[in-house]
Amino acid sequence: MKIVISDYAWPNIDIERNFFINKSIDLDVSSGKEDLIDKIKDADGLLFCFEDINEDVLRSAKNLKAAQRYGIGVDNINIKVATELGIVVSNIPDYCIDEVSDHALSMILAINRMIVPDSKMVKLGKWNDVKKNNRVFRLTDATLGIIGFGRIGRRLANKAKALGLKVIAYDPYINEQVYDGVNILPFDDVVSSSDILSLHVPLTKETNHLISYKELEKMKDNTILINVSRGGLIDEKALSEYLKSGKVRGVGMDVMEDHNPSSSNPLFEYENVIVTPHTAFFSQESSEELQIRSCEQLYGVLNGNKPKFLINPEVLNHPDVNLT
Ligand code: NAD
C-alpha cells in the first residue's frame, strides 16, 4: 500500500517513518499541489495538514480509500466529493485543547498587559516614555465572551474563570441556558456585552465572516478580539477599517484569511494587533501525539476498521467502503 503525506508542520516525519516501517507501506511526501496531484494518483491513504485537498486533488486519486487530517479543523478538504468517491475522512479532534486554550489566554493577557508594545519601547531605550495606558483593565472586572462552546472554548472558560473573569458564551448547538457553569446567551448579547471576545467555532459556510462590519459596530469600545480558530471567521477588510476608529482595544490572531500573509497586510500596521503563524496547536507533546495518532487511525482504516473520529459517516453507505 502507498500513503502520501501532502504537508506537515513539524521538522521531520521520523515518527511517521518509524510507524510505517515493517508494515509494507510505501510512504511518499509531496512537495506542493502539482506534485501531490501526481503522487496521489496511486495512493491508498493520505495524511494532510494545511494543504487544500480540493476536488482536483481528490478526483486525481484513483485508489484513495482514506484521508486523515493532521489536526482538528476539516475546512481544507472537500468532504462532499470525498464522500461521493468513497474516501473515508477522519481527524483528531481532542489532541491540543490545552495548547490552543493557553494560546488564546496568552493573547488576552499579552494584549491587556501591553506586553508586546511595552517590551518594544524598552528595547528602543524608551523605558520612561512608556505611557501607562489607561485602557489596561482589571480582569476580575471584565467579561470574556466565547463564541463556540466546544472543547477549546470550554477549556478556555475554565482557565479564565480561575483568573476571576466572568465568562459568557454563544453556541447554537447547546440547548441548555447554563452549560459547564457558563451562561449560554444569544449571539448579539455576547458580542455586545463582552470586554474580550474569543472565537472557537469551526469554519463553515455559516461561520464565514462571523465577525464583520455589523458585529464590530456592536462590540463595546475597547474590546479585545481573539481568533485562534480559522482566518475566515473574521472579515479582515472590515476589521482593518474598524481598527482605524481606534475603538478596538487589541486583536490577537493565530490564523488569517490568507494562510501565508505578506508583510504588506493592512492589519500589520496596527501595533495593537498581534499575530502568530498558526502555532496555537503546537507543543512538543501535542505534535508527537498528533503524528502518532494520525498514523494509527489511517492505518486502521486501510485495514478495514471504522475510525474513532469519522467526519463523513455517509461514506459508510458507499458500495466500495466496507469497514467494521
Ligand atoms: P469543537 O467541535 O469541540 O467546538 C466547536 C464548537 O463550535 C461546537 O460546540 C459547536 O457547536 C460550535 N459551533 C458550530 N457552529 C457554530 C456557530 N455558527 N456559532 C457558534 N458556535 C458554533 O472544536 P474545538 O476543538 O473547540 O475547536 C474549535 C476550532 O479551533 C476548530 O474548528 C479549529 O478550526 C480550530 N483549531 C485551531 C487550532 C490552531 O492551531 N490555531 C488548533 C486546533 C483547532
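View 1. Residue numbers start from 1 along each chain as its sequence is written. Since the model is predicted, local features need pLDDT of at least 70 and side-chain atom pairs count only at pLDDT 80 or more.

**View 2. Asp254 and the ligand.** Look for a polar side-chain atom of Asp254, 2.9 Å from a nitrogen atom of the ligand. On its own the ligand has 860 Å² of accessible area, and the protein covers 89% of that (Shrake-Rupley method, 1.4 Å probe).

**View 3. The shell around the ligand.** Here are the 25 residues around the ligand, with Arg151, Ile152, Asp171, Val228 and Asp254 coming nearest (near means a heavy atom within 4 Å). By type, the shell has 14 nonpolar, 6 polar and 5 charged residues, with Gly counted as polar and Tyr as nonpolar.

View 4. Lys33 pairs up with Glu51 in a salt bridge, their closest N and O atoms 3.3 Å apart (the cut-off is a side-chain nitrogen of Lys or Arg within 4 Å of a carboxyl oxygen of Asp or Glu). Because Lys33 is in helix α2 and Glu51 in the loop between β3 and α3, the pair ties together parts 18 residues apart in sequence.

How values were computed. Side-chain values use heavy atoms; hydrogens and water are left out. A polar contact is a pair of N or O atoms within 3.5 Å; within protein, one must be able to donate a hydrogen and the other to accept it, and residues adjacent in sequence count only if both atoms are side-chain atoms. Helices (H or I, at least four residues) and strands (E, at least two) are DSSP runs, numbered from the N terminus.
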